Amino acid sequence: MIDQLVTIDPVAIAIPAFVALIIIELLAVRLGWHGDYDWRDTGTSLVMGLGSTIAGAVVGGAVAGIAIFVWQHRLFDVPLTWWSLALCFVLDDLGYYVFHRSAHRVRWFWASHVIHHSSQHYNLSTALRQTWTGAFSLGFIFRLPLLLIGFPPALVIFCGGVNLIYQFWIHTELVGRMPRWFEAVMNTPSHHRAHHGINPRYLDRNFAGVFIIWDRMFGTFEAERADDPPRYGIIRNLATFNPLWVAVHEWLGIARDLAGARSLKAAWAAIAAPPGTLSGETADMLRASWQADAGVAAPARNQAGAAVPAE
Amino acid sequence: MLVFSLIGVALLIGLARLLGFARRGGLVDAGLAERLAVDALPGFRPCDVAVSRDGAGALVAGRDGRVALVRPLGDRFVVRPLAHPLVARAGAVLRVRPDEMMFPETALDLGEGAASLWAARL
């Protein structure tokens, strides 16, 4: 049964549901529920999503070839069972956390991931605003360890698809807070709204895919606050809806900074340092500046990385 | 499959427009321009602002000498600190373009005196 399950492409099955949920959200917002749309922004998001699918199909064979090559050199033979499905799903989500954190902290990966953050809106169409250059940025390498361990490629792909589907519904302002236990364990609309916020408080926080526990464990969790509602987008919001520019703007920024680099160190910073390093606007710098301006003390963090309220 | 996807995308965009999600952000409020600049630029403290009479954008000067351009994009706004912008004045209209690819020129109708003043400032 598991053998048959993992041959399913869950994302392909979910696409009609994605469309239906976007229509429901559009109507709900029109009727006065919390949220917002702009047809131009939605258009860009959907075209980015469609382009991402096409790009994935174009380079999918090459990525699959690499994946199979790695799996052929696996350390163990992990069987296809319910327990391996569950284990693979959890480990894949941990891998997603590492990927996502890297995608915000390393400009090379950010050049691909920034597309997803380039909307100033936060709705279900934003979930579909995906990169066209994911394979070029080598983002798939974060899934290779699972194959090296020995999880079958079909299982890894299946778990990745389910992870992606889960992340769709959290891109909404319609849902306020989920039950407390759910907010404690799972990534939710509230946690992910904070992730998309460019308020200094929220920069480079909440990298989770499905389980928010990774952020709580590794000290990157930040709760959404009613007194500091997230402002969505990127530090320098794009001045156009042109999908091609959305897709390549950061890559061109890297090329420009590389061309102007006067040393190997500067060239390395242009490629691999945190985004904003060369302009003095990294997430850490902006947060420190905000804390200094507002007289906000950096929150103490306990051993688990969770923010500890001041006495 | 691609054709169906394209039709689906077009229908969703059309539905969003049909439902009225097609506002254009006009910038007629100096306070809003200042707030947007403060939100976008760390440490920015506005001391002067000039808003285009047609809502096409605004210039906000900071106490530290920086000047920010604020202009609408769809129903939102974009802000840029102006370093080495291209500036041209024709009477009451000041045309400003940041030194950045794909950032469109913004024509600000500031009035003759203000346009002259801000042109000198940039």
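Author: A quick definition to start: a residue is buried when its relative accessible area is under 20%, exposed when over 50%, and partly exposed in between (1.4 Å probe, protein chains only). This is a predicted model, where local features need pLDDT of at least 70, side-chain atom pairs count only at pLDDT 80 or more, and totals for chains, interfaces and linings use all residues. Residues are numbered from 1 along each chain as its sequence is written, chains are lettered from A and ligands numbered from 1 in the order in which they are written, and side-chain values use heavy atoms, with hydrogens and water left out.

Reader: What share of chain B counts as buried?

Author: Of its 122 residues, 40%.

Reader: How many helices and strands in chain B?

Author: Chain B has 3 helices and 7 strands. Helices (H or I, at least four residues) and strands (E, at least two) are DSSP runs, numbered from the N terminus. The order is α-α-β-β-β-β-β-β-β-α.

Reader: What radius of gyration does chain B have?

Author: 17 Å, while a compact globule of 122 residues would be near 14 Å. The radius is taken over C-alpha atoms, and the globule rule is 2.2 Å times the number of residues to the power 0.38. Along the principal axes, the C-alpha atoms of chain B fill a box of roughly 55 × 30 × 25 Å.

Reader: On to the interface. How much do chain B and chain A bury between them?

Author: About 3,100 Å², with 66% of it on carbon and sulfur atoms. Buried area is the accessible area (1.4 Å probe) that two parts lose on being put together, summed over both. B:Leu12, B:Phe21 and B:Met102 supply 23% of what chain B buries against chain A, more than any other three residues.

Reader: How many residues take part from each chain?

Author: 33 from chain B and 33 from chain A. Contact means heavy atoms within 4.5 Å.

Reader: How many salt bridges cross the interface?

Author: The rule finds 4. A salt bridge is a side-chain nitrogen of Lys or Arg within 4 Å of a carboxyl oxygen of Asp or Glu. A:Arg231 and B:Asp39 form a salt bridge through their side chains, at 3.8 Å, N to O.

Reader: Which elements of chain B give two or more residues to the side that touches chain A?

Author: α1, α2 and β4 (76–81). α1(B) gives the most, with 9 residues. By class, that side of chain B has 21 nonpolar, 4 polar and 8 charged residues. Ala, Val, Leu, Ile, Met, Phe, Trp, Tyr, Cys and Pro count as nonpolar, Asp, Glu, Lys and Arg as charged, and the others, Gly among them, as polar.

Reader: Now B:Arg23. Where is its place in chain B?

Author: In the loop between α1 (2–18) and α2 (30–40). B:Arg23 is partly exposed, because its relative accessible area is 40%.

Reader: Which side chains does B:Arg23 join in a polar contact?

Author: One is A:Asp36, at 2.8 Å. Another is B:Asp75, at 3.0 Å. A polar contact is a pair of N or O atoms within 3.5 Å; within protein, one must be able to donate a hydrogen and the other to accept it, and residues adjacent in sequence count only if both atoms are side-chain atoms.

Reader: Last topic, chain A. Is A:Asp204 buried or exposed?

Author: A:Asp204 is buried, because its relative accessible area is 11%. Phi of A:Asp204 is near 55 degrees, a positive value in a residue other than glycine.
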